[in-house]
Amino acid sequence: MATYTADAVSLLVYLVDALPAAADRVFAEAEAGETAVHAPSTALAEVLYAVAHDKDVRGVTLAGTPEDARRALVENGPVSVAPVDDAALVEYARIAEEFTIHDALVVASHRARDTDAILTTDGTVRDAGYRTLWA
């Protein structure tokens with residue numbers, strides 16, 4: 001089964017149903033149980049924070065509560081939580097100087113779990129040689 005690491009942006013865009021075709025396909029496969037989408041706990045925390053503060057995503061204001069978002073993504077949705085565990089921290093320590101804290105935690109999770117690609121719009125991650133999927 002293919003596995004992917006999702007960053008906060010991809011999760012937010014999923015919540016407002018505005019994903020581009022390739023990322024949408026991955027989330028649809030995950031909804032069907034054919035693919036796994038992991039999100040670092042830090043990325044999920046960013047999403048819950050954005051929902052709590054009525055952040056605008058792609059012209060859509062996020063509605064509902066952080067708990068609604070958690071349920072939609074994790075409890076009833078296609079995303080599994082990838083805790084920032086020791087393996088991820090080992091990877092983070094190796095790359096911390098190369099990225100922002102957000103990007104480094106996503107890349108560290110991807111590396112620790114050996115996922116197939118990272119669902120992100122972030123060109124910095126792609127330019128660093130990591131396989132990303134978005135368009």
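The model is predicted, so local features are taken only at pLDDT of at least 70 and side-chain atom pairs only at pLDDT 80 or more, while totals for chains, interfaces and linings use all residues. Residues are numbered from 1 along each chain as its sequence is written, and side-chain values use heavy atoms, with hydrogens and water left out.

Q: What makes a set of residues a nonpolar core, and which residues have the most contacts inside the largest one?
A: A nonpolar core is a set of buried Ala, Val, Leu, Ile, Met, Phe, Trp, Tyr and Cys residues joined through side-chain atoms within 4.5 Å, where buried means under 20% relative accessible area, exposed over 50% and partly exposed in between, with a 1.4 Å probe and protein chains only. The largest such core here has 30 residues, and those with the most contacts inside it are Leu11, Phe27, Val37 and Leu119. Elements giving two or more residues to this core include strand 1 (3-6), helix 1 (8-15), helix 2 (21-31), strand 2 (36-40) and helix 3 (41-52), the elements being DSSP runs numbered from the N terminus, with helices (H or I) of at least four residues and strands (E) of at least two. A second, separate core of nine residues includes Ile95, Ala104, Val107 and Val125.

Q: Which residues does Val37 touch, not counting residues up to four places away in sequence?
A: With contact meaning heavy atoms within 4.5 Å, Val37 touches Tyr4, Ala6, Val26, Phe27, Ala30, Pro78, Val79, Ser80 and Leu119.

Q: Why is the aromatic pair of Tyr14 and Phe27 called stacked?
A: Rings of Phe, Tyr and Trp (its six-membered ring) pair if their centres lie within 6.5 Å, and planes under 30 degrees apart count as stacked, over 60 as edge-to-face and the rest as tilted. Tyr14 and Phe27 stand at 4.6 Å centre to centre with 20° between the planes, so the pair is stacked. Tyr14 in helix 1 and Phe27 in helix 2 are 13 residues apart, and both are buried.

Q: Why is the aromatic pair of Phe99 and Tyr130 called tilted?
A: The ring centres are 6.2 Å apart and the planes of Phe99 and Tyr130 make 55°, which is neither under the limit for stacked nor over the limit for edge-to-face, so the pair is tilted. Phe99 lies in the loop between helix 5 (86-95) and helix 6 (101-113) and Tyr130 in the loop between helix 7 (123-127) and strand 7 (132-133), so the pair ties together parts that are 31 residues apart in sequence. Both Phe99 and Tyr130 are buried.

Q: Why is helix 3 called oblique to helix 4?
A: Angles run from 0 to 180 degrees between N-to-C directions, and axes are lines fitted to C-alpha atoms, for helices over the stretch in contact. Angles under 35 degrees count as roughly parallel, over 145 as roughly antiparallel, 65 to 115 as roughly perpendicular and the rest as oblique. Helix 3 and helix 4 pack at about 140°, with their axes 8 Å apart, and that angle makes helix 3 oblique to helix 4. Leu44, Val47, Leu48, Val51 and Ala52 in helix 3 meet Pro66, Ala69, Arg70, Leu73 and Val74 in helix 4.

Q: What makes helix 1 and helix 3 oblique to each other?
A: Their axes come within 8 Å and cross at roughly 45°, and helix 1 and helix 3 are therefore oblique to each other. Among the residues that meet are Leu11 and Leu15 in helix 1 and Val47 and Val51 in helix 3.

Q: How do you know whether His110 is buried or exposed?
A: His110, which lies in helix 6, has a relative accessible area of 8% and therefore counts as buried. Leaving aside its neighbours within four places in sequence, His110 is in contact with Thr5, Thr115, Asp116, Ala117, Ile118 and Tyr130.

Q: Why do Asp17 and Asp114 count as exposed?
A: Relative accessibility is 67% for Asp17 and 64% for Asp114, so both lie over the limit for exposed. Asp17, in the loop between helix 1 and helix 2, has a positive phi of about 55° although it is not a glycine. Asp114, in the loop between helix 6 and strand 6, has a positive phi near 50°.
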